[in-house]
Amino acid sequence: MSRNILLDLESSLACRASKPKIVSLKDNIAQINVGRVNGVQQGDQLNLWHVASFTDDLGIVRTQRRKSGITLTVARVYESSAEAVIQPQTLTGSIQIGDIVTKGLN
């Protein structure tokens, strides 16, 4: 029972405990830096957020995040990483290393 509680807790905190992001791209497959230990499961739907930075007039680096229309579906899950299929494939070129992913509501 305590193991189930721990797994439920890990799953609910999965996106808060780390910064899930794209670490590698090949064809229409994105590698992300979270996996089984973070609650990621095969078939999970992930939302993609583009990350951009700029320096303001005061010299402070600001980061912007914008949700994209790209969805990733987890195809393979490893202990601390996962591979996800990019949908639609025609937008694969707009993804950059460092873009953030969050679990969808599906």
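## A first look at this protein chain

Of the 106 residues in the protein chain, 30% are buried. Keep in mind as you explore that this is a predicted model. The chain holds 2 helices and 6 strands, and reading from the N terminus the order of elements is α-α-β-β-β-β-β-β.

**The chain as a whole**
- Take the contacts between residues at least 6 apart in sequence: 62% of them join residues at least 24 apart.

**The hairpin of S1 and S2**
- Strand S1 covers residues 22-26 and strand S2 covers residues 29-32; the two pair in the antiparallel sense over 4 bridges.
- To find one of these pairings, look for Leu25, whose bridge partner in S2 is Ala30.
- There are 2 residues between the strands of this hairpin, and here Asp27 takes a positive phi near 55 degrees.

**The hairpin of S3 and S4**
- Strand S3 (residues 45-55) runs antiparallel to strand S4 (residues 61-77), and 10 bridges join them.
- Trp49 is a handy landmark here, as it stands opposite Lys67 in S4.
- This hairpin has 5 residues between its strands, and Gly59 in the hairpin has a positive phi near 85 degrees.

**S3 and its link to S6**
- Which strand do 4 bridges join to S3? It is strand S6 (residues 100-103), which runs antiparallel to S3.
- Asn47 has Thr102 in S6 as its bridge partner.
- As you trace the strands, remember that side chains in a regular strand alternate between the two faces of the sheet.

Definitions and conventions
Residues are numbered from 1 along each chain as its sequence is written. This is a predicted model: local features need pLDDT of at least 70, side-chain atom pairs count only at pLDDT 80 or more; totals for chains, interfaces and linings use all residues. Side-chain values use heavy atoms; hydrogens and water are left out. Buried means under 20% relative accessible area, exposed over 50%, partly exposed in between (1.4 Å probe, protein chains only). Contact means heavy atoms within 4.5 Å. Two strands pair if DSSP finds at least two bridges between them.
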